[in-house]
Amino acid sequence: MNKVLIANRGEIALRINRACHELGIPTVAIFSEADRDSLHVKRADEAFCVGPGPSTRSYLNIPNIISAALISGADAIHPGYGFLAENARFAEICRDHGITFIGPSPDAIRAMGDKATAKRIMTEANVPVTPGTDIVESLGDARAFAERVGYPVLIKATAGGGGKGMRAVHAPEDLEQALNSASSEAQAAFGDGRVYLEKLILNPRHIEVQILADTHGGILILGERDCSVQKPSHQKLIEEAPGPNLSERFRSSLYEVARNAVEAVKYVNAGTLEFLGDGDNFYFMEMNTRIQVEHPVTEEIFDIDLVKEQLRIARGERLTRTQADLRPAGHAIEVRVNAEDPSNNFAPAAGKLKTVQLPGGPGIRVDTHLYEGATVPPYYDSMLAKIIAHGADREEAIARMVRALRETTIEGVKTTIPFCIEVLTDPEFAAGGVDIGYLPRFLAREARVEVGAAP
Amino acid sequence: MQSEDREIDVRGEIERLVRPLLQAFDESDLVRLAVDEEEFGLEVVRWNRPRREQPQQAAGREPAAAEAVAPERPIEAVTADVVGIFRNSRPAIAVGERVTESRELGYVEALGIRNPVRAGRAGVISAIFVEDGEPVEYGQPLFGIEKSQ
């Protein structure tokens, strides 16, 4: 690997640039016209403008990105997260041009990208998946399934998407009517009225497992992350590792299942298996075939550099650690500092940053592309920075995070910082183990307090 | 230079040095400009955001001022719209050459495909910014054309 092209922007482009430079690998940045003054462009050894602001014409412009790699002599591409990271066709095109795609094989990306295929592979590997049916042929089939797994159940359209043809059924007497209306809605929307049923897990926890796998059959299970603090749009806001209040039995079972899953997919490179946690049970949701935004919390507790491991794996090297010498230490929390207004449904903001003062001190890590005077363009994700706090235990990690957020000043756009301080100091969050319904409930509670306080 | 001459010249010097500085500052995105020389100091701070920094209210509503301040000599840049290696057409275009709108000035080779660079407007080639075999990025100026009136 002589040179790596980083096919991304923002903090993750900087994160990859750092890993490459630590390994002595020169880098090539790509950027859109809106990102000309971005930090990732300045930090890379070379940079190519690949298109105008909108990402469909720049960060998703495959011909221009491949061409930039070829003319700069980059023999590997790191896709980061988002954009082309889980595009199997892009991974294939890289391969066809003799460029190493730093990630799993196109086949693995494709298999995990298709929900039905992923679920089938996992079921065959004895990974628990949300109980469900094949296409429902009769009301009797549906009734038998619902009685076996218990209400509530969810009716979903085979051709579905965007919530069309989807119905939650909480009681047996509602099943028949819900089946009929879901089916006719699906028929109208997709020209296909076929539906199936799934057990509906109300307010589960979001528990995910970080894995690494090399080309020599080496697999590392790097514990779990709890990402249950999600906005109503299901975007993660606060993540932590390890997951609070989980039994050792739950953990060992989760790790065993994760190992089976990685072997079944013949997976190589970094990946994340996402599960719905429901009491003592967990169910496979999906596998993300890329590095994730929240990877630093795992890095902090295991003292490992996941991006450098990705580069080494792509070079055909073995993992630098063994499962036996991986020991988690303490607790880590990540807060996503977004240019968003939590009081206005997390509406994204863009603009020029007047003041940028970032936190520091013991146990604090900041991954960001911000600098004073930087512009936040309107075209991309609204994440400005990730602040990661590591402490001896969860209590210390939370206290450090609150202290770090209070040290931070970002002026020019509204951010999620004040809101995250409120969440982190909420007794329910402090108790640990909240479910994905927590943040929407928190928001509703805050709204009620405001209405109640009004004269 | 004699000291008497300098004293006499202060007003002239300010006129000569400061006015273009202020003009450049006014046209820039800068919010603060400081000059700190041994015998001369100047600091200018902008209190209002520059006009063109203000967010556009609606897409497609360009401020009319943009047209009004267009340069007298209408020189326009022909830019690359793909990333690749620039190649001259044969024979190569030369400065001073009159071109039609559809004239191919060269091409950008990308992934084995030849992407023609066309003049896009009729006029006279006033500058060539790129050499045969040079890597070019999206939006990079390749040629300057003085538009025909």
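Domain bounds here come from an automatic or database domain assignment. The model on screen is predicted: local features need pLDDT of at least 70, side-chain atom pairs count only at pLDDT 80 or more, and totals for chains, interfaces and linings use all residues. Residues are numbered from 1 along each chain as its sequence is written, while chains are lettered from A and ligands numbered from 1 in the order in which they are written.

Start with chain A. Select 4-102 for domain 1, 139-199 for domain 2 and 205-450 for domain 3. Now show domain 1 and domain 3 of chain A: their C-alpha centres lie 24 Å apart. Their contact (C-beta atoms, placed from the backbone, within 7 Å) takes 28 residues from domain 1 of chain A and 22 residues from domain 3 of chain A.

Next, select α1 (10-22) and α2 (39-43) of chain A, the elements that give two or more residues to the domain 1 side of this contact. Helices are DSSP runs of H or I with at least four residues, strands are runs of E with at least two, and both are numbered from the N terminus. The most comes from α1(A), with eight residues.

Move to chain B. Colour its two helices and ten strands; from the N terminus on, the order is α-β-β-α-β-β-β-β-β-β-β-β. Of the 149 residues of chain B, 15% count as buried, meaning that 20 or more other C-beta atoms, placed from the backbone, lie within 10 Å of the residue's own.

Finally, show both chains. Ten residues of chain B are in contact with eleven residues of chain A.

Note on methods: Buried ≥ 20, exposed ≤ 12 C-beta atoms within 10 Å, placed from the backbone. Contact = placed C-beta atoms within 7 Å.
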